[in-house]
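Please open the model in your viewer and keep the selection tool at hand. The stops below say what to select next and what is there.

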Amino acid sequence: MRAEDRIRRNRIRRQLQLRRRIALFSAAVLLILSLAGGSFIVKAQDASCGAIYKYYTSIRIEEGDSLWSIASAHADGFESRQAFMQEVIRINHLLDSDIHKGDYLIIPYYSPEFRQ
């Protein structure tokens, strides 16, 4: 093996090591920036719009009540009446939307008032 070949191989090896180190450093910097950048993202809210709290209450089903009529009366703050009804079905472990007079349902609602 000639000295020139050994010098050329060593130079190539050092260049590859340098490229690997630069790639690792770049990846580490990108990872740190992406993690740090995510912590600076905040959701802007209107200053007049205060915090909204989610609560639950129990209501008694009266004659003629349906989940749709309950949603019409209590679904403020939800995306839709359907979303409200799905949550009521889920938290009350109902199999479908059938409700009966005299039963009690737990329903969610939103309020700007903080209650302890």
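**Stop one: a pair to select**

Select Glu113 and Arg115: the two form a salt bridge, with their closest N and O atoms 3.6 Å apart. A salt bridge here is a side-chain nitrogen of Lys or Arg within 4 Å of a carboxyl oxygen of Asp or Glu. Glu113 is partly exposed, at a relative accessible area of 46%, and Arg115 is also partly exposed, at 37%. Salt bridges that share partners join another set, Lys54, Glu87 and Arg90, into one network; select these three together. The accessibility classes are buried (under 20% relative accessible area), exposed (over 50%) and partly exposed (in between), with a 1.4 Å probe and protein chains only.

Before going on, note that this is a predicted model, in which local features need pLDDT of at least 70, side-chain atom pairs count only at pLDDT 80 or more, and totals for chains, interfaces and linings use all residues. Residues are numbered from 1 along each chain as its sequence is written, and side-chain values use heavy atoms, with hydrogens and water left out.

**Stop two: helix 1**

Next, select Asp5 and Arg8. Both lie in helix 1 (residues 3-39), 3 residues apart, or about one turn of the helix.

Arg2 counts as exposed, with 52% relative accessibility.

How many salt bridges does a search of the whole structure find? The search finds 5.

**Stop three: the whole protein**

Clear the selection and switch to a cartoon view. The protein has 3 helices and 2 strands, in the order α-β-α-α-β from the N terminus on. Helices (H or I, at least four residues) and strands (E, at least two) are DSSP runs, numbered from the N terminus.

Then show the surface. The protein exposes about 9,600 Å², of which carbon and sulfur atoms supply 56%; accessible areas come from the Shrake-Rupley method with a 1.4 Å probe. Of the 116 residues in the protein, 16% are buried.

Finally, display contacts (heavy atoms within 4.5 Å). Among contacts with a separation of 6 or more, 67% are between residues 24 or more positions apart.
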